[in-house]
Amino acid sequence: MDLTGKIISDYSDYLRIERAMSPNTVASYVSDLQEFFDIMSLQPAEVASDDIVAYLGKRKDISKRSQARLLSAMNSFFRWLIIEGERKDNPVDAVDSPKLGRYLPEVLSEDEVSAIMDSVDLSAWTGKRDRAILEVLYGCGLRVSEAVGLKISFVYLDEHFVRVVGKGNKERVVPLGNMAADAIKNYLALRPEPYSSEYDDILFLNKFGKSLSRISMFNMVKKQAMLAGIHKEISPHTLRHSFATHLIEHGADLRVVQDMLGHESILTTEIYTHIDSSTWQRNILSHHPRG
């Protein structure tokens, strides 16, 4: 391993251990950094602001959102180098981040959600598993990584809640609706034997008795949306976003939805649920002390 590779490896350990970042975030940051250093052929101590601007100029193939993510990774990396005493400055400070528009993911209607659920063939155990996954992704508003890592011991069917380990290893409790609970019960009755004791407590298994991958869940959701005749750009995240939107539409409090989704900031939830200004205005004015 060369010097840059060793430094990035140490930085990866810092993100994982000291910052407690999720494996997906760590992998994303490391990948962005490796690509930058591969293309620019620079040592971390040599990088200047102009080098970063030049790199972004070369990468016309990536979106503004990807550029912003890259700058976030590099900003974190160079701040860490300063902490480690390897640099005295952060070259990202002089680089303007691209302006991003408000990102609103695709939203499914409640009828479309029902169509996706009904599209699953329940004649095989895999169908019962997939139906349970869909019900949990939507009915609990889970991230795909949270669904992949969901443990049987964290599912309380009789009490109707699940314990979820989310971003930054933070745990939260999420209510479990009747339809999701029934789907999990039906799947558990046919759940395959785990490949080894390592997978004994993992809820969703593949045909080999190992943990289902994120990619498999992505592909399954897309397949069921296609079978349901839905032509929107669908992912597991679409189900999470649609669930939050439907909760708000049915009158759920924004703070409650924030807690359920595991958002640190209420602003993230407000963007997620794309509440328009007129809704906020009506809600506030109807309770205003000076009406």
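R69 is partly exposed, at 40% relative accessibility; buried here means under 20% relative accessible area, exposed over 50%, and partly exposed in between (1.4 Å probe, protein chains only). The model is a predicted one, in which local features need pLDDT of at least 70 and side-chain atom pairs count only at pLDDT 80 or more, while totals for chains, interfaces and linings use all residues. Residues are numbered from 1 along each chain as its sequence is written, and side-chain values use heavy atoms, with hydrogens and water left out.

R69 forms a salt bridge with D32, with 2.9 Å between the closest N and O atoms. A salt bridge is defined as a side-chain nitrogen of Lys or Arg within 4 Å of a carboxyl oxygen of Asp or Glu. The R69 and D32 pair links distant parts of the chain, since R69 belongs to helix α4 (residues 64-83) and D32 to helix α2 (residues 23-40), 37 residues apart. Helices (H or I, at least four residues) and strands (E, at least two) are DSSP runs, numbered from the N terminus. D32 is buried, with a relative accessible area of 8%.

A second salt bridge joins the side chains of E35 and R59 (3.3 Å, N to O). E35 lies in helix α2 and R59 in the loop between α3 (49-58) and α4, so this pair ties together parts that are 24 residues apart in sequence. E35 is partly exposed at 33% relative accessibility, whereas R59 is buried, with a relative accessible area of 12%.

K232 and E112 also meet in a salt bridge through their side chains (2.9 Å, N to O). K232 is in the loop between α9 (214-227) and α10 (236-249), and E112 is in helix α5 (residues 110-118), 120 residues apart. Salt bridges that share partners join R143, E146 and R172 into one network. The whole structure holds 12 salt bridges.

R172 also belongs to the covered face of strand β3, together with V174, while E171, V173 and P175 form the uncovered face. Three strands form an open sheet in the order β1-β2-β3, with antiparallel pairing. β1 (155-156) and β3 (171-175) stand at the edges with a single partner strand each, so one side of each has no neighbour in the sheet. Two strands pair if DSSP finds at least two bridges between them. Two bridges join β1 to β2 (residues 161-165), and V155 has V162 as its bridge partner. Five bridges join β2 to β3, where F161 is partnered by P175. In the hairpin of β2 and β3, which has five residues between the strands, G168 takes a positive phi near 65°.

The count of aromatic pairs is 12. Rings of Phe, Tyr and Trp (its six-membered ring) pair if their centres lie within 6.5 Å; planes under 30 degrees apart count as stacked, over 60 as edge-to-face and the rest as tilted. Y11 and W80 form a tilted pair, 5.5 Å centre to centre with 50° between the planes. Y11 lies in helix α1 (residues 3-18) and W80 in helix α4, 69 residues apart. Y11 is buried at 0% relative accessibility, and W80 is buried at 7%. The ring centres of F77 and W80 are 6.2 Å apart and their planes are at 35°, so this pair is tilted. Ring pairs link Y11, Y14, F36, F37, Y55, F77, F78 and W80 into a cluster.
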